[in-house]
Amino acid sequence: MSYNTAEGVRLRTGGMTTANLSKRWFGRGYVAYGLRDHKWKYKAELEYSFIDKEYHSREFPVKSLRFTQSYELDQLGQKYLFTNQDNLFLSFKRMEDTRVTYRRLTALDYTLELRNGFSLVAGFAYERQEATKWIPFIDGAGKHYGHYNEAAFNIKLRYAPGEKFYQGRTNRYPINLDAPVIELTHTYAPRGFMGSMFPINRTELRLQKRIWLSAFGYIDAVAKGGHVWEAAPYLNLLLPNANLSYTIQPESFALMNPLEFINDTYGLIDITYWANGALFTRLPLLKKSKLREVVSFKSLWGHLSKKNDPTYNPELFRFPEDITVTRMSGRPYMEISAGLDNIFSVLRVDYVWRLSYRNTPGAPNSGLRIAMHFTF
């Protein structure tokens, strides 16, 4: 059970098969229902593994072909990397979450993971985005669209030598980040192909590295960048991840509103310094508490060209009237946090400050955030 503005109370149930049924054929899925929007959502997966599995389909290494069919609420500008939207703790938010559409998706993906740390995911996805009362689709001539379709090819290349992680049934949680992680993704959809209303031609690059500072702890650093090569509606541009919950979420901005910034070129850095008690262990009154200091800095630079700005290109959908979209003026968005880690051995508490674009309506300039943090 969870909650969001569009669905109200959301109830979900699901299941998955294991290797006890078949070592190569796997199925998983769920159904969900919103008590406010009275809509059924679902997701169904059928996966064939080219190698035998011991228990479930996500076991490393994956070499499989997966077919997915889903109908879901699409929370624009909110993509959580290590959890899902039904996490109960994400139900408590600092503002109403109305930046949503409904998305119907059919996808076919081939995944190949090698033991040297290289992996490839190549696939095809056909989706329909359905408008809502909060996110209408209106072009520059004032014409309303109830939905639009797109058919896209996508590829993701990833190289993470020496990576170790905790394997969950759905997600993987990294344990060591000493070696660099490099990810390159590209999505391409020609205009008119299978009814695609707009072209998509988008490239993104992600780099991740842990930097050790001897007795002074370590730094986890992530750098990302991307570019959209052709004119596309704002839903298909580069939307930074805004975190509306009171939890700390990796590679998302705690004090940014969804769709506050919409860019077709961007660069992002996310740096967290884990001091490992470098200061507190030298203070007698705090040494026994085993508290650890943590400081984080996140920044986004971006640009929206005229070809992707509906103010100049009437073929594109207008930005929603009740959402403040800020054009970045060469000045980056920045936020910084300082906090305590290892509280009762499992808890992290940060206080976050917004350093730039502090006059955005409805966006807070500071706040307290919390997370469960286990150190392996």
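This briefing covers aromatic contacts and charges over rings. The model is predicted. It holds 21 aromatic pairs.

**F50 and Y110**
- The ring centres of F50 and Y110 are 6.3 Å apart, and their planes stand at 70°. Planes over 60 degrees apart count as edge-to-face, so this pair is edge-to-face.
- F50 sits in the loop between β4 (40-49) and β5 (63-75), whereas Y110 belongs to strand β6 (residues 100-113). The pair therefore ties together parts that lie 60 residues apart in sequence.
- F50 is partly exposed, at 35% relative accessible area.
- Y110 is also partly exposed, with a value of 27%.

**Y71 and Y102**
- Y71 and Y102 form a stacked aromatic pair, with 6.0 Å from centre to centre and 15° between the planes.
- Y71 is in strand β5 and Y102 is in strand β6, so this pair links parts 31 residues apart in sequence.
- Both Y71 and Y102 are buried.

**Aromatic cluster**
- One aromatic cluster is made up of F137, Y145, Y148, F198 and F317.

**Charges over rings**
- K39 lies over the face of Y102, 5.0 Å from the ring centre.
- R12 lies over the face of Y30, at 3.9 Å from the ring centre.

Note on methods: Residues are numbered from 1 along each chain as its sequence is written. This is a predicted model: local features need pLDDT of at least 70, side-chain atom pairs count only at pLDDT 80 or more; totals for chains, interfaces and linings use all residues. Side-chain values use heavy atoms; hydrogens and water are left out. Rings of Phe, Tyr and Trp (its six-membered ring) pair if their centres lie within 6.5 Å; planes under 30 degrees apart count as stacked, over 60 as edge-to-face and the rest as tilted. Helices (H or I, at least four residues) and strands (E, at least two) are DSSP runs, numbered from the N terminus. Buried means under 20% relative accessible area, exposed over 50%, partly exposed in between (1.4 Å probe, protein chains only). A charge sits over a ring if NZ of Lys or CZ of Arg is within 6 Å of the ring centre and within 35 degrees of the ring normal.
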